[in-house]
Amino acid sequence: MRKTFLAIAFLLVLCFLPASVTAQKFVNTTMTNLPLDVKADKTLYIAIVVDPTIPEEKIQIVKNAVTSIHSFTKDGKKFYEGWQGALKESQHYTRYYIPTNLKIVDSDNAHIKVTITLTTSKNDLGYDGYTSFTQYNKMIESVHIVIYQADTLTNEDLAGITRHEFGHALGLGHSSSPNDLMYGDIDGRLAFISKGNLDALSALYNGKILSQYFEESVS
């Protein structure tokens with residue numbers, strides 16, 4: 001299984017970790033960016049834009065990685081196949097609202113916050129996925145995810161890339177753990193959403209830029 005190279009465009013300067021952080025017992029550190037601006041109890045609208053030659057099977061895989069409510073348990077740890085199911089079980093009482101209702105809509109919908117583009121093109125820098133966003137008042141206003149060569153990616157890698165990039169859309173940065181969904185060079189076999197990812201989101205939506213948590217891996 002090849003590993004997948006991913007990138008995110010940050011619109012703020014990331015801080016270096018203080019020495020005290022590295023001395024703590026946590027084994028995984030995730031930098032966070034900005035929370036996504038979704039009003040309390042409102043739906044997060046997502047559009048999927050595809051090249052004409054992308055098979056319907058690939059589109060459905062991307063949809064499932066976002067909206068699936070299925071989960072599984074391995075070695076006593078729970079993992080989620082889609083962000084919808086994961087966010088439903090996230091911490092809801094945070095400073096900023098964590099969206100828990102995700103809906104895929106047509107691209108002409110005026111309320112779209114996240115657009116996912118599936119293209120057959122190759123990225124010049126070799127990335128399989130890339131996320132960029134606009135911000136206002138220290139919150140993410142809109143997000144554009146591009147998944148390159150979506151027609152040739154394995155189903156496993158396509159699902160993993162989608163979960164990873166959607167984590168960026170929600171505000172997560174890269175993880176320090178090679179076994180984590182948000183690691184910069186992910187392995188599709190391990191690319192599932194964990195409680196640690198949800199802990200990082202809760203920290204972000206409570207106003208923190210750095211989350212530390214014990215590693216949880218499918219491996």
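Which hand, left-handed or right-handed, does the crossing of H2 and H4 have? The crossing is right-handed, that is, the near helix is turned clockwise from the far one by less than a right angle.

This is a predicted model, in which local features need pLDDT of at least 70, side-chain atom pairs count only at pLDDT 80 or more, and totals for chains, interfaces and linings use all residues. Residues are numbered from 1 along each chain as its sequence is written, and side-chain values use heavy atoms, with hydrogens and water left out.

**View 1. Packing of H2 on H4.** Helices are DSSP runs of H or I, at least four residues, and strands are runs of E, at least two, numbered from the N terminus. The axes of H2 and H4 lie 9 Å apart at an angle of about 40 degrees; axes are lines fitted to C-alpha atoms over the stretch in contact, with angles from 0 to 180 degrees between N-to-C directions. Residues of H2 including Ile61 and Val66 meet residues of H4 including Leu158 and Phe166.

**View 2. The largest nonpolar core.** This set of 45 residues consists of buried (under 20% relative accessible area, 1.4 Å probe, protein chains only) Ala, Val, Leu, Ile, Met, Phe, Trp, Tyr and Cys joined through side-chain atoms within 4.5 Å. Trp83, Val114, Ile116 and Phe166 have the most contacts inside the core. H4 (155-170) is one of the elements supplying at least two residues, and gives the most, six.

**View 3. Surroundings of Phe166.** Beyond its neighbours within four places in sequence, Phe166 is in contact (heavy atoms within 4.5 Å) with residues including Leu44, Val66, Trp83 and Ile145.

Note on methods: Buried means under 20% relative accessible area, exposed over 50%, partly exposed in between (1.4 Å probe, protein chains only).
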